[in-house]
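Hi,

Here is the structure I said I would pass on. Have a look at it first, and then read my notes below.

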Amino acid sequence: MKLNAGIVTTKIAETKAYYTKTLGFGITFENEFYLLMHTPGRGAEISFLLPEHPSQQPLFQKPFKGQGMFLTIEVEDVDKLYKELKKKGTSIEIELRDEPWGDRHFAIVDPNGIGIDLVTYAPVERE
């Protein structure tokens with residue numbers, strides 16, 4: 001089983017630019033109303049769809065309102081990515097920090113208002 005989250009948005013062009021330039025995502029497929037993108041290494045995909053498109057059923061026509069959703073992207077070196085994004089001038093919503101449970105992360109927001117938590121998880125200790 002694979003999961004592909006989809007966001008219905010009018011901001012397809014802005015979204016494409018943000019994910020490719022900011023996070024290095026690639027384009028798996030696109031047409032005039034749909035954009036499917038993949039993470040570097042193709043480990044996951046996310047899609048974006050124009051609202052009210054006549055090819056789509058009513059369930060998939062209402063636009064995302066910009067609240068109540070977040071993405072978590074696990075990276076190998078969150079400190080390195082943080083420095084790269086700061087250098088690019090990317091707006092950081094939550095500064096780089098360590099959590100009491102050991103994770104290290106920071107957060108950005110995409111053009112649709114979706115929070116993106118970029119994290120390096122603490123190593124799991126095995127007994």
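How many helices and strands does the protein chain have? There are two helices and eight strands, where helices (H or I, at least four residues) and strands (E, at least two) are DSSP runs numbered from the N terminus. Along the sequence they come in the pattern β-α-β-β-β-β-α-β-β-β.

Some ground rules before the details. This is a predicted model, in which local features need pLDDT of at least 70 and side-chain atom pairs count only at pLDDT 80 or more, while totals for chains, interfaces and linings use all residues. Residues are numbered from 1 along each chain as its sequence is written, and side-chain values use heavy atoms, with hydrogens and water left out.

First, the overall picture. The C-alpha trace of the protein chain spans about 55 × 35 × 25 Å along its principal axes. Of its 127 residues, 35% count as buried (under 20% relative accessible area; exposed is over 50%, and partly exposed is in between, with a 1.4 Å probe and protein chains only).

Now the sheet. Four strands form an open sheet in the order β5-β8-β7-β6, with mixed pairing (two strands pair if DSSP finds at least two bridges between them). At the edges are β5 (70–74) and β6 (94–98), each pairing on one side only. From one strand to the next, the twist averages 20°. Strands β5 and β8 (residues 115–120) run parallel and are joined by five bridges; I73 has L118 in β8 as its bridge partner.

Helix α2 (residues 78–88) lies across β6, β7 (104–109) and β8, and runs at about 30° to β7. For such angles, axes are lines fitted to C-alpha atoms, for helices over the stretch in contact, and values run from 0 to 180 degrees between N-to-C directions.

Then there is α1 (residues 12–23). Its buried residues are I12, T15, Y18, Y19, T22 and L23. They cover an arc of only 135° around the axis, which puts them on the same side of α1 (the arc is that of the directions from the helix axis to the C-beta atoms). On the other side, A13 and K21 are exposed. What do the buried residues of α1 pack against? They pack against β3 (34–38), β4 (45–49), β5, α2, β7 and β8, with contact meaning heavy atoms within 4.5 Å. Just after α1, G24 takes a positive phi of about 75°.

Cheers
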